[in-house]
Amino acid sequence: MAKRDFIKRHLLIIELLRKRPSTYDDILNYLINNQDQIGYQLEISKRTLQRDLKEIDSIWGIEISFNRSIEAYKIESDEHAEDETIQRTLESFDLISALKQNRKVGKSIFLEKRKSSGSEHFNGIIHAIDNNLIITFDHLSFSKEPSARRCVPKAIKETQNRFYLIAYDLDVKDFRNFGLERVANLVITSQRESSPKINIEKAYQHAFGIERYETAEKIILRFDIQQKEYVKSLPFHHSQRIIAEDENYFTLELFIHPTHDFLLEIMRHGPICEVIEPAMLRQQVSERVQLLAKMYQIKE
């Protein structure tokens, strides 16, 4: 049996049991239904299921046992219940399977043409993080000459479909963010150097994107009511909540750093989004609108 088959099977079992406790027959039917769609060999015996459950505990940190009171398998403990690891891995397998099928039956999936995301650096950076190693690299700026960097890496963060390295820059003596697609000539050294600790989740909890140079504050936005479901399905930030609505508008409250990236996001929505608070952000949007009006003024 191919390794991809049992990894996919593990992920599907986890996906099902996170939804609800299930019997062996429930699990088998779920695997067979998915097998028909993706072409993997997923059908298993009860004996193989028991082996899978042990491997899921060992590999994924998820303990599953048979609960006799409900006569079904149930997740007892899940170290990764709040993170996206399982779901993102499952999505990757689905994409690989679909692309493989696409090559057989013809062109039916069209991907955007894009440059490397920098994911080729993941293993080296994670090794450096785990072992407190210094890394060196050239950072390719959009507007300036490449700059040589010497850093202690702290984390990799994804935002807006890009990956960023969060690191302590040993030359500027501060934390910096670097787009991984603009990292070149990466070297994982054998040197270690102490650096300040940082709680990444806490430090970036109010960030829209990756920047946090502005003080986080409450932001109130008003939208056309027709955008309600769209904004709910693609939230700006985890802090957003609807605080008022009527037949024409709904009002959204967030608590974030009002950086340039967020200003551009507001502008992207055009007249269907109005900044109510804070006054400074409202003024910045107003100034941008006036500049655009002047730029596109039709000359008689």
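Leu-186 touches His-121, Ile-125, Ile-135, Thr-136 and Phe-137, leaving aside residues up to four places away in sequence, where a contact means heavy atoms within 4.5 Å. The model is predicted, so local features need pLDDT of at least 70 and side-chain atom pairs count only at pLDDT 80 or more, while totals for chains, interfaces and linings use all residues. Residues are numbered from 1 along each chain as its sequence is written, and side-chain values use heavy atoms, with hydrogens and water left out.

- Leu-186 is found in strand β7, residues 183-192; helices (H or I, at least four residues) and strands (E, at least two) are DSSP runs, numbered from the N terminus.
- With a relative accessible area of 24%, Leu-186 is partly exposed, a class that lies between buried (under 20%) and exposed (over 50%), computed with a 1.4 Å probe and protein chains only.
- Leu-186 and Gly-124 are 62 residues apart in sequence, and their C-alpha atoms are 8.6 Å apart in space.

**Chain as a whole**

- The secondary structure of the chain comes to nine helices and eleven strands.
- Of the 300 residues of the chain, 36% count as buried.
- The accessible surface of the chain comes to about 19300 Å², of which 48% belongs to carbon and sulfur atoms; such areas come from the Shrake-Rupley method with a 1.4 Å probe, and for residues only the protein chains shown count as cover.
- Among contacts in the chain with a separation of 6 or more, 57% are accounted for by residues 24 or more positions apart.

**The β9-β10 hairpin**

- Strand β9 (residues 241-245) and strand β10 (residues 249-256) pair in the antiparallel sense over four bridges, pairing being assigned if DSSP finds at least two bridges between two strands.
- β9 and β10 form a hairpin with three residues between them, and within this pairing Ile-242 stands opposite Leu-252 in β10.

**Surface patch and cysteines**

- Leu-292, Met-295 and Tyr-296 form a nonpolar patch on the surface, with about 370 Å² of accessible area together; patches are made of residues with over 30% relative accessible area and no salt bridge, nonpolar side chains (Val, Leu, Ile, Met, Phe, Trp, Tyr) being joined within 5 Å and like charges within 9 Å.
- A salt bridge here is a side-chain nitrogen of Lys or Arg within 4 Å of a carboxyl oxygen of Asp or Glu.
- Met-295 lies in helix α9, residues 279-295, and counts as exposed at 60% relative accessibility.
- Cys-151 is buried, with a relative accessible area of 0%, and Cys-273 is buried as well, with a relative accessible area of 9%.
- The count of disulfides comes to zero, by the rule that a disulfide is a pair of cysteine sulfur atoms within 2.5 Å.
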